[in-house]
Amino acid sequence: MADIKIDLYSDTATQPTQAMRAFMCRAEVGDEQKGEDPSVNALQAMVADMLGKEAALFLPSGTMCNQISYAVHCRAGNLILLDRTAHPLISEAGGAAVLARATLYPIDGANGMFTPEQMAEVMLPATRYRPPFRLVCVEQTTNMPGGRIWPIEQIRAVCDTARENGALTHMDGARLLNASVATGIAPKVYADSFDTLWIDLSKGLGAPVGAVLAGSSDFILKAWQWKQRIGGAMRQAGIIAAAGIYALNHHVERMAEDHAHAKRLAEGIAGAPGIGIDVESVETNMVRFDVSESGISAQAFGDQLLAESGVRVSVIGPSLIRLIPHIGISTADVDEAAQAICRLAEKVRREMEV
Ligand SMILES: Cc1ncc(COP(=O)(O)O)c(C=O)c1O
């Protein structure tokens, strides 16, 4: 594989900073399963407070947060409504069918965001034929559609509609803090509409591992049982929880820099031959562009870019590429990546003309 010089594949590509590593080394630890790890307990208290919920639970991944929430909320055969691009539908290995034994019911929102009207069309009362909708899920920000932010009014309307139809509400907040930094709306305000939600520590926040799920004390007790059941309970996990504490204290506001870098990247490649991009659609840390006009596939474009410039991107469709600046990416990296993309686009155009 070619050397990766600038890794824009994902915000999961971050390396812990030296300061974060030093903080982790000093972490006080104990037996997490027994509730005796002071660093895990501190992280959970911090997130519960930040999200305005009674309790929180440290888990190894965001995927486990979604899956445990589904398992706690749903009975076998229940329906879970979510957008067709949502992570649990496309990237969680069918977990909802295995653990909660529930059915994911996708609808086609705009940029990953659906409306109360769309919900009302499908959320019909349960009958002897039709199973009940038990849960409605919102992904903030929307990943596949490119880091788009659910407006707070739409969140409130969607959650009200869910409740009117007898369903609970859950937020996949893998990038909730990106939304908060971009809009200035506190995480608590977004969280208020949801029964349960979680944030990821290992994305824009730059921690190496972990996510924190929050909700009522009763929900978190049941979530603890699932964590134990599926082997997610740990021992001296404070060493990794400390990275989360450090990130929440030092890396939240700095995500504005990632957002500015995403915009700069989009502006830098707009106008390159064969590249379709909507600069206005860049709301947080993600940039998507389309290469269908270039005459080569996204995979070929991504492979050539890596081979020729050491810039790694994510291929998310036959002609779609996604880039995500993060804490390990400087302004100089952004400019170099934009130049490399423009150079390649120009080269592809010349080759197509021959
Ligand atoms: C929107 C969304 N939800 C859930 C996840 C899963 O998070 P994790 O990788 O921590 O399991 C991801 C990961 O990329 C994501 O983007």
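Student: Which residue just after helix 8 takes a positive phi?

Tutor: Gly-184, with a phi of about 80°. Helices (H or I, at least four residues) and strands (E, at least two) are DSSP runs, numbered from the N terminus. Note that this is a predicted model: local features need pLDDT of at least 70, side-chain atom pairs count only at pLDDT 80 or more, and totals for chains, interfaces and linings use all residues. Residues are numbered from 1 along each chain as its sequence is written.

Student: Why is helix 8 said to be largely enclosed?

Tutor: Start with the cut-offs. A residue is buried if 20 or more other C-beta atoms lie within 10 Å of its own, exposed if 12 or fewer, and partly exposed in between; C-beta atoms are placed from the backbone. Helix 8 (residues 176-183) has six of its eight residues buried, so the rest of the structure largely encloses it. They are Leu-176, Leu-177, Asn-178, Ala-179, Ser-180 and Val-181. Their cover includes strand 6 (168-173), helix 9 (187-191), strand 7 and helix 12.

Student: How many residues are in the largest nonpolar core?

Tutor: First the idea. In soluble globular proteins, nonpolar side chains tend to be buried together. A nonpolar core is a set of buried Ala, Val, Leu, Ile, Met, Phe, Trp, Tyr and Cys residues joined through C-beta atoms within 7 Å. Here the largest has 77 residues. Ile-68, Ile-80, Leu-81, Val-212, Leu-213 and Ala-243 have the most contacts inside it. Helix 11 (residues 238-250) gives the most to this core: seven residues. Another core lies apart from it, with 31 residues, including Ala-272, Met-286, Ile-329 and Val-348.

Student: Is Ala-272 buried or exposed?

Tutor: Ala-272 counts as buried because it has 22 C-beta neighbours inside 10 Å. It sits in the loop between helix 12 (255-269) and strand 9 (287-290). Contact means C-beta atoms, placed from the backbone, within 7 Å. Neighbours within four places in sequence aside, Ala-272 is in contact with Ile-341, Cys-342 and Ala-345.

Student: What is the strand order in the open sheet of seven strands?

Tutor: Strands of a sheet pair through backbone hydrogen bonds, either parallel or antiparallel. DSSP must find at least two bridges between two strands for them to pair. The order here is 2-8-7-6-5-3-4, with mixed pairing. Strand 2 (55-59) and strand 4 (103-107) are at the edges; each has a single partner strand, so one side of each has no neighbour in the sheet. From one strand to the next, the twist averages 20°. Strand 3 (residues 79-83) and strand 5 (residues 133-139) run parallel, joined by three bridges. Leu-81 stands opposite Val-136 in strand 5.

Student: Which strands form the open sheet with antiparallel pairing?

Tutor: Three strands, in the order 9-12-11. Strand 9 and strand 11 (314-315) are the edge strands, each pairing on one side only. Four bridges link strand 9 to strand 12 (residues 320-323) in the antiparallel sense. Val-287 stands opposite Leu-323 in strand 12.

Student: Which residues surround the ligand?

Tutor: A residue is near a molecule or strand if its C-beta atom, placed from the backbone, lies within 6 Å of it. Around the ligand are Ser-61, Gly-62, Thr-63, His-87, Glu-139, Asn-143, Asp-172, Ala-174, Asp-200, Ser-202 and Ala-211.

Notes:
Contact = placed C-beta atoms within 7 Å. Axes fitted to C-alpha atoms, helices over the stretch in contact; angles between N-to-C directions.
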